[in-house]
Amino acid sequence: MDFDLFVIGGGSAGVRCARIAAGHGARVGIAEQRFWGGTCVNIGCVPKKFMVMAAEYGAAAEDARGFGWNIAKGAHDWGVLLAAKDTEIARLNGIYVRLLEQAGAKIYDAHASFIDPHTLDVGGERVTAERIVIATGGHPVRPEIPGAELAIVSDDAFYLEKMPKTVAIIGGGYIGVEFAGIFNGLGAQTHLIYRQPLPLRGFDEDLRLGLAEAMSENGIILHPDTVPKSITTPDGVIRCLTLSDMSVLDVELVFFATGRVPNLHGLNLEVTGVETGKDGAIKVDERLATTVPHIYAIGDVTDRLNLTPVATAEGHAVADSLFGGNPRTVSLENVPTAVFSIPPIGTVGLTEAQAAHRGEAKIFLARFTPMRHNISGRVRKTLMKLIVDAQTDVVLGAHMLGEDAPEIMQGLSIAINCGATKADFDRTIGIHPSAAEEFVTLRTQTRMVGEET
Ligand SMILES: Cc1cc2nc3c(=O)[nH]c(=O)nc-3n(C[C@H](O)[C@H](O)[C@H](O)COP(=O)(O)OP(=O)(O)OC[C@H]3O[C@@H](n4cnc5c(N)ncnc54)[C@H](O)[C@@H]3O)c2cc1C
């Protein structure tokens, strides 16, 4: 065999797996068909966060006036933002390649596909490997409506030649609400269209409601309980988007943020016997092995919890298990997550609805104007919530909508993963003046939920 391990896909999951396995002394090859670092670095988390930061500056300039700064907001230059983003991403691409080379992995800038369960075609070269890891990620999908090809998806949003003046985003998931904040913050009239009564299905209801209110307050035009019917472009420029209430929106850009499916295109997976489930997600066991024991799958291609830190943790665990003498699995419980909406969300653990389904839970909720906006004059509320097991006092979930929520939630997730109780939170002394201190001073129970209530 040419390699002990061959990794298909140079995204978050694949690069970590290849690098760690090579570091353990394995002979490793890795193929990437498009860009090193994959979705997160090139068309996901990283450029998205730069764009959110860009969008926030406009509002920051307005807020500063209340503090005595006479700052004119001025115009935003989309070209400058994109060029700065591209320069930074090129730097990150280089770091990923160097990390792999330094670890001793052999790099292929090529598409890989299966010839048989141990043999791959990598850019026309035939290579064999004892073990193979599939880390090919996912891609966005468009709804099947007439004119769908006239809309963009998130992959395209990072390369737009100019900022649209009007945009309609379809989809109330995290990508939809994040881009609504970006386009709105950069000055576009922004519509957000979603099927549910509230955005962010699966998140805690108070967060969903709080975010919908905040987005509305920011000027985003919300269209709940609505789906797109068709898109036409009579003059080749303006898109006429017909909605399920038969209203028509005329906008420059329609953006589908309507979900993602695993990338299996051209992989020739059929020759391996690896089984897939819904939407082509590769089925894995707790060791991330597929139904073919020497083939593993990690990251978004398994479509379980599609987050970069999960993908890297899985890549690391497979490498340690196979070549580091340290067999281990990755728990997907209490994984903290953020939504970089404006304002952002940070969340970990159970939602109120999940906790109520499980048993009796105490809810502690605070909603307040953050210190900054008492002076800036901006109408914006921060929301903080703890969900506590009524029997054991263990904190089951923490949720926040408000500035710095993702930064605050990373620390709280450690406490929650350690099984902290509400009494532990209460005896912790706060940092003053901060928003975070509210999490250790939530004294009054807001309500009780669960089977007994
Ligand atoms: C707009 C957006 C924003 C996001 N924001 C966040 C965020 O804020 N936080 C967060 O944690 N997660 C975020 N994510 C999710 C995150 O990007 C993914 O969970 C993560 O990138 C998954 O890593 P992966 O390695 O599984 O797949 P990917 O990063 O997609 O990597 C797969 C790689 O495999 C390559 N490939 C595919 N097929 C082949 C083949 N046959 N041969 C060779 N190469 C192949 C692809 O080119 C790709 O580079 C975001 C995603 C999107 C789309």
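# Contacts, burial and cores in a predicted model

Reader: What makes the approach of the side chain of Asp109 to the side chain of Trp36 a polar contact?

Author: The side chains of Asp109 and Trp36 come to 2.7 Å in this predicted model. A polar contact is a pair of N or O atoms within 3.5 Å; within protein, one atom must be able to donate a hydrogen and the other to accept it, and residues adjacent in sequence count only if both atoms are side-chain atoms. The pair at 2.7 Å therefore qualifies.

Reader: On what basis are such values computed?

Author: Residues are numbered from 1 along each chain as its sequence is written, and side-chain values use heavy atoms, with hydrogens and water left out. As the model is predicted, local features need pLDDT of at least 70 and side-chain atom pairs count only at pLDDT 80 or more, while totals for chains, interfaces and linings use all residues.

Reader: Is Asp109 called buried or exposed, and why?

Author: Buried means under 20% relative accessible area, exposed over 50%, and partly exposed in between, with a 1.4 Å probe and protein chains only. Asp109 has 63% relative accessibility, so Asp109 counts as exposed. Asp109 is found in the loop between β3 and β4 (112-116); helices (H or I, at least four residues) and strands (E, at least two) are DSSP runs, numbered from the N terminus. Beyond four places in sequence, Asp109 touches Glu32 and Trp36, where contact means heavy atoms within 4.5 Å.

Reader: How do you know that the span of helix α4 agrees with what it should be?

Author: The expected span is 1.5 Å times one less than the number of residues. Helix α4 (residues 78-103) has 26 residues and so should span 38 Å; its end C-alpha atoms are 38 Å apart, which agrees. Just after α4, Gly104 takes a positive phi of about 100 degrees. Among the buried residues of α4 are Trp78, Leu81 and Ile89, and what covers the buried residues includes α1 (12-23), α3 (45-64) and α5 (154-157).

Reader: What makes a set of residues a nonpolar core?

Author: A nonpolar core is a set of buried Ala, Val, Leu, Ile, Met, Phe, Trp, Tyr and Cys residues joined through side-chain atoms within 4.5 Å. In the largest, of 40 residues, Ile169, Phe179 and Phe183 touch the most other members. Helix α6 gives the most to this core, with six residues. A second, separate core of 26 residues includes Ala26, Val133, Ala289 and Ile298.

Reader: Which of the residues around the ligand come nearest?

Author: Ala13, Glu32, Thr39, Lys48 and Asp300 come nearest, out of 38; a residue is near if one of its heavy atoms lies within 4 Å. A polar side-chain atom of Lys48 lies 2.7 Å from an oxygen atom of the ligand, and a side-chain N or O atom of Tyr174 is 3.1 Å from a ligand nitrogen. Taken alone the ligand exposes 1,000 Å², of which the protein buries 95%; these areas come from the Shrake-Rupley method with a 1.4 Å probe.
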